[in-house]
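Trainee: I would like to learn how to read a model with two chains. Can we take it step by step?

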Amino acid sequence: MSRRAHRIVFAVLAGLLVVLHLDVWNHDVGGLVFGWLPWDLAYHLAWMAGAAALVWYMTVGPWTEDD
Amino acid sequence: MSDLAVIGLVNAAYLLITLIIGWLAWRRTSATAEDYFLGGRAAKTFVLFMALFGTNVTPFVLLGIPGLSYHHGVGIFGLNAAIVGLGIPLTFWLIGDPARRAALCISAITPTELYAQRFASPVVGHLLFLAFFAYTLPYMVTGVIGVGLTVEILTRGAVSFTAAAALVLAITIAYTALGGMRATMWTNVFQGATFMVFILVAFFMIAGDLGGLAAATATVAERAPHLLIKGDAPQFTPGHWGSWGLAISLTVIAFPHMFVRMFAARDTAALKNVARLYPFMLVLLWLPAVIFGVWGAAEFPGLEGRASDGIFPRMISAHLGPVLQGMALAGVLAAVMSTLDAQLLTLSSMLTRDILRRAYPNLSGAGEVMAGRIFTLALSLTVLAVALQRPASIFDIAAFAFSGYVTLVPTLLLGLRWRRCTATGAVASILAGNAALLLAQFGVLPRVFGVLPVAWGLLAAILGAVLGSLATRPTDPATVTRVLGPARRSA
């Protein structure tokens, strides 16, 4: 894949993550995950797992040594 | 042995180790400005990561975030931590790596030196210096306040706020002034390890003392259930949420003490590795910080305003023995000192390289280093004087500084990524961004859709950079090529 293609893929995925970060649908959602972790924290931890994967892709795809 | 003596011994050991590391670094540091201010540009992944992360973590995280989640609950994690897991690594790529290469190309040691040469304009360098200075000073104050507060609470007032603040500044000056960048990076490894290990140990031990993770959450659900959801607090409305997320993601690269550490990286591979590690380490640090505040609200209700900044040491004091209380204090000291040293070194390097050297072109390398040491001392005294006034909560002071730094990002980014960006554009960006930020802070500019003043500052800075650049003649291509290398087409 060309550098340009990598950058487009990265931009689309980053945009998607930003939308998921603005989680207005979560404001009043209660409940616990694993019996202790509030839902809102669990959601944003999962979001960070996605962000970590995207950062990994950023370093192997669009970010080149001679960038 | 009394609890106080144990806490004192643990911290004496921590401070002694820090000083020994600083002394070892001093023995390895030559009298050249490049070695003193940048450690020879040789930092590999591990040291670079610890230096960046240690510098990035301040009492804003260890005290300000628990204080904020005490009032606003678990939503503080998403508001602050999550988005920076993506935002900070992104700025390392877009700004940090090209800045490193450009600085290497022209042997620049400070950010202001780099941009003054990129735009062939000392005015840009001076403006950046003023802005960096104006926003770094209050940010340094938050660190010193954090130390004073923690010491006061954990020693039950036996050591005063003033004495603690003065002591931490004195020790930081000692190893920073002697060993320069190499000392700050080596000590950052030890300091980063200290606060990371402590916060994880404290998290599980306090949870155990509260009856386990489930029991601790159940207590919060019973006494302060609103803290387990975001709800409709103003912080979580889309305008505030989005604009703060933008601010906290962009601000870190514009900290001059972070920016200059990019120059110290050995190569792009080291920076990429740091970017990969960042999201994981943010989770390990921020998750306990937010949860401490929420647990603390259930256990110590009724703290008003900035009083909640002390909730983390209160929890430590209530649930951990004297050795771990001592480690808690060492952890806070480590977080503060690992940032303060970098801030002192960076501001002093900018003053000596960009201001003094222009006034005295024949200043020797050794003279530069000596001037840097004197400035470090003067700056520390100023920080101490302001910190003793306790002008606002840690979070509020940091939020002011973060917003200011964000107005510099368009200049930092476009100066490296847009060859058409000119000195006029950079000057217009810095001036317009800061003017708009101030107008919005004072309510002259409206808060459209609830966005924070920083959004106005960023918008004005972008417009200033673009319009100012397009309205003026391009910078001499030879100058741009000398700094950024030859232009290339995207593959």
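Mentor: Start with a pair of helices: the axes of helix H7 (residues 122-154) of chain B and helix H13 (residues 311-319) of chain B come within 9 Å and cross at roughly 25°. Helices are DSSP runs (H or I, at least four residues), numbered from the N terminus. Axes are lines fitted to C-alpha atoms over the stretch in contact, and angles run from 0 to 180 degrees between N-to-C directions. This is a predicted model, where local features need pLDDT of at least 70, side-chain atom pairs count only at pLDDT 80 or more, and totals for chains, interfaces and linings use all residues. Residues are numbered from 1 along each chain as its sequence is written, and chains are lettered from A and ligands numbered from 1 in the order in which they are written.

Trainee: Is H7(B) roughly parallel or roughly antiparallel to H13(B)?

Mentor: Their axes cross at roughly 25°. Angles under 35 degrees count as roughly parallel, and over 145 as roughly antiparallel. So H7(B) and H13(B) are roughly parallel.

Trainee: Which residues of H13(B) make the contact with H7(B)?

Mentor: Two residues are in contact if their C-beta atoms, placed from the backbone, lie within 7 Å. H7(B) brings Thr150(B), Ile153(B) and Leu154(B). From H13(B) come Pro313(B), Arg314(B), Ile316(B) and Ser317(B).

Trainee: Is H3(B) roughly parallel or roughly antiparallel to H11(B)?

Mentor: Helix H3 (residues 45-56) and helix H11 (residues 256-263) of chain B have axes 10 Å apart. They pack at an angle of about 175°. Therefore H3(B) and H11(B) are roughly antiparallel.

Trainee: Which residues outside its sequence neighbourhood is Trp286(B) in contact with?

Mentor: Leave aside its neighbours within four places in sequence. Trp286(B) is then in contact with Val61(B), Ile65(B), Phe77(B) and Ala81(B).

Trainee: How many residues does chain B give to the contact with chain A?

Mentor: Count each side separately. Chain A gives 33 residues. Chain B gives 33 residues.

Trainee: Which helix gives the largest share of the side of chain A that touches chain B?

Mentor: Helix H1 (3-21) and helix H2 (39-60) of chain A each supply at least two residues of that side. The largest share is 13 residues, and it comes from H2(A).

Terms used. Angles under 35 degrees count as roughly parallel, over 145 as roughly antiparallel, 65 to 115 as roughly perpendicular and the rest as oblique.
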